[in-house]
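Here is a quick tour for anyone opening this structure for the first time. Have a look around, then read on.

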Amino acid sequence: MVADMATPDLDEFVAAARAWLDDNAERRPESSDAHTPDETFSVAVFHALATDDERALLERLKRWTQRKAERGYHAIGWPPEHGGLGLPGAYARAFSHLEREYVTPASHEIHSVTTGLIAPTVRIFGDDEQRSRFVDRFLAARDLCCQLFSEPGAGSDLATLACRAERDGEEWVVNGQKVWSSGAQFSEWGELIARTDPTAPKHRGLTAFVVPMDAPGVEVRPIRQMSGGSSFNEVFLTDVRIPDSLRLGAVGEGWKVALTTLGFERDHSDGSGGRVGGSWRQLLATARAVGVTEHPVIRQQLARVYSHHRVEGFVSRRAADQRRAGAEPGPEGSLGKLLWTEGMTLVSDVVADVLGAALVADTGAPGTYAWGEHVLGAPGYRIAGGSDEVQRNIIGERVLGLPAEPRVDKDVPWNEIPR
Ligand SMILES: Cc1cc2nc3c(=O)[nH]c(=O)nc-3n(C[C@H](O)[C@H](O)[C@H](O)COP(=O)(O)OP(=O)(O)OC[C@H]3O[C@@H](n4cnc5c(N)ncnc54)[C@H](O)[C@@H]3O)c2cc1C
């Protein structure tokens, strides 16, 4: 990359970042590089923690983000007006590689949702007051904001959602139920998509809001999942009153707002390494530790994972280039998301062969039984943010230009769709 006058040299940036990290965080012990199967080894996709421990982890993560925000390291690609450094992706990638050499709090999905999905959505759709009230707070994780999109009757076909918002003077009154709302129990705010015009076709009668999660009538009930934790929740909204000043975007524009947030969710162009679950390097280190790298079948499987990992890296670089050239995240993000979830599934399959019974029976050897947290968590991301099948539909229709699925209810008023 050729640096322009305003862009610091990458080496100088790295040197300054290293000095800052030395002053603000502990270096990882030489023996532990986060790939070595030792006691600190983690391949968890979701946290399986007691609520108080998860809250404490989030507090540490928020404090760390706020510390980085003092220097703009929390938002390296964002413009200075939002506290960022306005630098290209290579700088963010360099910082994130460097950061991995230090002991920092583990990532958490509600933190990534707030900073990576909702902050940029509010920046696009918020009015001046909303932008100055929320964007920097969300970006620096001073407040957390969950996604209140899915409902028991609306997931892949999100536009059929039924949660109602009815206008009452300068306020809206919301009634309905959301589900699978990740991190809602820890969030101060929620990005809500609600139906404001039931007589319009399903995509056109929706409006977005930013809802205070402590408003009277909001009830959050955590759901226990098979990995042991409670990452997501049911959220019940009963006569919740929201001022019109918290409406995000125009009335009836909620679908556009939702698609924008989902676009950021599917966009894997940042290459920041903030992915969850076991990595290629952790898998290889595990295979070495177990002593199976000479096995011909395992070697073949490891080569498949490596090739997949490389292809995924190239696709993410291409998306990063498109973003740098000014393109907003689009349907190609589905390709990155699909490759990511397929890669996670492949890692699950291969690690099961590498470890055999040690995956399900704890032998006490570090970095073996721990892989259960990857294997049990990975399927969640094949569903979250749009399932694999839905990503394939998007790629087929909007990237490859194949004939569209029949959509018989597309132009029918929502309240006339049989359900
Ligand atoms: C870990 C996790 C975190 C989540 N976090 C949030 C969150 O924070 N906020 C939120 O609002 N939601 C969240 N969700 C919900 C998620 O967005 C939905 O689960 C997802 O959109 C699928 O919807 P559904 O569960 O209703 O399944 P359904 O839509 O009922 O799908 C069932 C099956 O049918 C398939 N299918 C559906 N339609 C088609 C089609 N047209 N073509 C081919 N196959 C199809 C699907 O692929 C799936 O296999 C989360 C989900 C998970 C797993």
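## Starting point

Two residues count as being in contact when their C-beta atoms, placed from the backbone, lie within 7 Å. Take the contacts in this chain between residues at least 6 apart in sequence: 73% of them join residues at least 24 apart. Keep in mind that what you're looking at is a predicted model.

## The whole chain

There are eleven helices and ten strands in the chain. Its C-alpha atoms fill a box of roughly 65 × 50 × 45 Å, taken along the principal axes. For 419 residues, a compact globule would come out with a radius of gyration near 22 Å, and the chain, at 22 Å, agrees with that. As for burial, 40% of the 419 residues count as buried.

## Three domains

The chain splits into domain 1 (42–139), domain 2 (145–252) and domain 3 (261–399).

## Around the ligand

Which residues are closest to the ligand? They are F149, G155, S156, W180 and S387, out of 19 residues that surround it. The shell divides into seven nonpolar, ten polar and two charged residues.

At least two shell residues each come from β3 (145–148), α10 (372–383) and α11 (388–399). The biggest giver is α11, with three residues. Domain 2 and domain 3 both give residues to this shell, so the ligand's surroundings lie between the two domains.

Now for helix α3, residues 89–99, whose buried residues are G89, Y91, A92 and F95. Why do they line one face of the helix? Look down the axis of α3 and the buried residues fall within an arc of 160°, so one face is where they sit. Among the elements covering these buried residues are α1 (10–24) and α8 (296–324).

Key:
Residues numbered from 1 in each chain as written. Predicted model: local features only at pLDDT ≥ 70, side-chain atom pairs only at ≥ 80, totals over all residues. Buried ≥ 20, exposed ≤ 12 C-beta atoms within 10 Å, placed from the backbone. Helix = DSSP H or I, 4+ residues; strand = E, 2+ residues; numbered from the N terminus. Arc of directions from axis to C-beta. Near = placed C-beta within 6 Å. Nonpolar A, V, L, I, M, F, W, Y, C, P; charged D, E, K, R; others polar. Domains from an automatic or database assignment. Rg over C-alpha atoms; globule rule 2.2 N^0.38 Å.
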